[in-house]
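Please write a short report on the structure below.

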Amino acid sequence: MDFSTLIRVYQELEKTSSRLEMASIVSDFLNRVPEGELPIIILFIRGRIFPAWSEKELGIGNKLVIKAISNISGATEATVENRIRETGDTGLAAEKLLVRKAQTTLFSEKLTLGKVYENLDRLTSLTGKGSQEKKISYISELLSFAEPAEARYIVRLILEELRLGVGEGIVKDAVAQAFKVDPKLVEKAYSLSSDLGEVARIAKLEGDEGLRKVTLKTGRPIEVMLAQKIANIEEAIGKFGKTAFEMKYDGARIQIHKEDDRVELYTRRLENVTKQFPEIVKAARENIKAKSAIIEGELVAIKSKKDRHPRPFQDLSRRIKRKYDISEMVKNIPVEINLFDLVFCENENKTNDEFKDRRELLEKIIVETDTFRLADQIITDNLKEAEKFYKNALDLGHEGVMAKNLKAHYQPGSRVGYMYKIKPVMETLDLVIMGATWGEGRRAHWLASFLLAVLDPDTDEFLTIGRMGTGFTDEEFKEMTELLRGEITEQIGKEVKLKPKVIVEVAYEEIQKSPTYASGYALRFPRLVRIRTDKGPDDADTLHRVEEILKGVAA
Ligand code: AMP
């Protein structure tokens with residue numbers, strides 16, 4: 001397929017923000033895509049080159065792209081950088097700079113989808129000496145073949161900044177529409193295989209019947225079952241009767257896939273993190289007594305193998321992000337994994353088994369060590385006993401407890417109420433917005449990421465405490481932009497400074513110490529609860545309150 005065919009679809013998608021319209025554009029397109037190219041198209045349409053679970057990743061920064069644009073357009077790197085600053089988008093800058101080149105080129109080879117994929121795939125295998133130059137030359141080659149409009153999207157693809165707003169849901173709907181299959185079967189097949197390209201291919205070739213046969217396999221992460229919130233232990237027992245209570249460890253959810261000696265680790269977002277945790281890979285190889293298995297657990301950074309006290313999430317996050325000098329990280333930030341579920345064993349899908357049976361089988365096939373262990377669990381309908389367990393969980397520094405229905409099967413990708421989380425309620429904060437960043441792509445005209453601050457009543461200064469950019473609907477982005485537009489005092493690139501006027505109520509997962517922000521603290525996962533039009537900057541929460549909350553929670 002010519003790359004320009006895909007570009008026309010990108011351009012159509014860019015014109016709309018309607019979910020339905022997007023799904024129908026994608027569906028029409030999928031109907032025209034030859035089956036061999038479906039898996040690539042399914043990724044490219046969302047701005048991805050490789051599936052999340054693939055070990056391959058591009059990791060190309062702006063710098064290399066700027067060099068490639070400069071090579072091909074003849075503009076200096078400084079000119080390219082200026083253009084990026086003016087347009088706020090490296091893709092647009094490339095398009096503009098390449099227009100001149102296009103006028104002077106008499107003919108060029110047509111760029112195909114296959115060629116774009118091939119060059120991007122090659123980028124992933126380059127390491128070591130001379131690899132940067134090679135990477136630049138592969139990118140330059142693509143840009144040299146590209147029409148200016150194609151260059152815009154190639155650059156956005158490489159930088160993983162396509163942002164057309166085509167989410168996974170839209171693509172799933174489009175697959176169902178295009179191949180006239182049951183959307184529920186698409187959903188189910190995807191939640192078991194996490195491979196939308198393969199699901200699309202099966203939908204096209206084998207229809208509903210083929211989709212029904214899709215099942216779990218090692219090496220393809222499953223979409224995990226999610227927990228709901230419940231107010232307290234009593235309610236959980238009221239719902240389930242005899243309930244499995246487990247420690248709620250505060251770390252990262254990991255699925256371990258074992259097939260003979262081959263072990264892969266995936267996060268909840270289906271990212272492959274096998275390389276980052278060699279000690280878990282080794283433990284899984286040695287201590288899972290099954291030829292094939294998919295097991296879930298919570299990975300936690302701990303003080304030491306002897307003192308298993310949990311360390312802050314940011315330590316674990318450092319390990320997840322780190323792709324080099326792994327052995328040093330293994331030493332400096334030890335981890336443990338607390339295993340809590342089993343969804344596949346000896347080539348059999350166990351998601352339809354009851355939790356009680358899954359846990360029993362898990363216990364049977366695991367040899368526990370200090371750091372490769374089963375999640376602590378009690379089974380009871382006695383309120384006192386359960387509350388003691390909960391208190392103990394908090395005393396040990398864990399987040400709370402999980403309450404699980406012993407009779408429930410495993411429902412991939414859903415929040416069905418088979419397990420509940422119980423943890424102390426986190427108080428929200430009223431914060432001032434001090435700055436923001438203009439969005440990209442479809443969101444270019446909206447402020448998209450907001451710098452939050454608390455009040456220091458001693459000095460009347462506002463001290464930054466984090467950035468919030470997720471959890472907004474399109475409507476809320478628009479509303480925030482309209483509210484804040486009049487408060488802009490300065491703009492540098494895409495960053496704007498704002499008069500401290502607008503107050504937002506913000507929820508978050510945790511408060512952490514942080515040198516990044518002026519307050520000395522950072523909010524983990526801040527999200528908008530509501531815009532407090534009833535409050536002014538003087539009503540913002542103070543640094544003192546942040547410290548109180550932190551003490552209260554830590555106590
Ligand atoms: P939350 O992220 O607040 O929705 O809480 C659910 C998460 O708690 C799960 O996705 C797991 O990552 C984590 N978790 C920690 N301990 C357990 C456990 N024993 N069973 C299930 N999930 C757990």
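A polar side-chain atom of arginine 253 lies 2.9 Å from an oxygen atom of the ligand. This distance, like everything here, is computed from a predicted model. The protein covers 92% of the 500 Å² of accessible area that the ligand has on its own. Strand E2 (243–248) and strand E10 (400–405) are the elements that give two or more residues to the shell around the ligand. E2 gives the most, with 3 residues.

**The ligand's surroundings**

Which residues surround the ligand? They are Glu246, Met247, Lys248, Tyr249, Arg253, Arg268, Glu298, Phe340, Met402, Lys404, Lys421 and Lys423.

| Residue | Ligand atom | Distance |
|---|---|---|
| Lysine 248 | oxygen | 3.0 Å |
| Arginine 253 | oxygen | 2.9 Å |
| Lysine 404 | nitrogen | 2.8 Å |

Tyrosine 249 also belongs to the shell. Tyrosine 249 lies in the loop between E2 and strand E3 (252–259). Is tyrosine 249 buried or exposed? Its relative accessibility is 3%, so tyrosine 249 counts as buried. Now follow the chain to threonine 489, 240 residues apart from tyrosine 249. The C-alpha atoms of these two residues are separated by 44 Å.

**An enclosed space**

Rolling one the size of a water molecule over the atoms shows where empty space is left. How many cavities of 30 Å³ or more does the structure hold? It holds 1. About 40 Å³ of space lies in the largest cavity.

The lining of this cavity is made by Met225, Asp341, Phe355, Arg358, Lys404, Asn405, Ala408, His409, Tyr418 and Met419. By type, 5 of these residues are nonpolar, 3 are charged and 2 are polar. Helix H17 (355–365) and E10 each supply at least two residues of the lining. Lys404 turns up again here: it lines the cavity, and it is also part of the shell around the ligand.

**Loop residues**

One is leucine 270, with a phi of about 70 degrees. Asparagine 347 has a phi of about 65 degrees.

Where do they sit? Leucine 270 is in the loop between strand E4 (262–267) and helix H14 (278–287). Asparagine 347 is in the loop between strand E6 (335–345) and strand E7 (348–349). Their surroundings contrast. Leucine 270 counts as buried because its relative accessibility is 7%. Asparagine 347 has a relative accessible area of 58%, so it is exposed.

The loop between E4 and H14 also holds asparagine 272. What is the state of asparagine 272, buried or exposed? The cut-off for buried is under 20% relative accessible area. Asparagine 272 has 14%, so it is buried.

The side chain of asparagine 272 has polar partners. A polar contact of 2.6 Å joins it to the side chain of threonine 274. A polar atom of the asparagine 272 side chain also lies 3.2 Å from the backbone oxygen of tryptophan 53.

Technical notes: Residues numbered from 1 in each chain as written. Predicted model: local features only at pLDDT ≥ 70, side-chain atom pairs only at ≥ 80, totals over all residues. Heavy atoms only, no water. Near = heavy atom within 4 Å. Polar contact = N/O pair within 3.5 Å; in protein donor to acceptor, adjacent residues only side chain to side chain. Areas by Shrake-Rupley, 256 points an atom, 1.4 Å probe, with all protein chains shown as cover. Helix = DSSP H or I, 4+ residues; strand = E, 2+ residues; numbered from the N terminus. 1 Å grid on protein atoms, 1.4 Å probe; cavity = no way out; pocket = protein on both sides within 12 Å on 5 of 7 lines; lining within 4 Å. Points joined across faces, edges and corners; volume = space filled by probe spheres on them. Nonpolar A, V, L, I, M, F, W, Y, C, P; charged D, E, K, R; others polar. Buried < 20%, exposed > 50% of the residue type's maximum accessible area, 1.4 Å probe, protein only.
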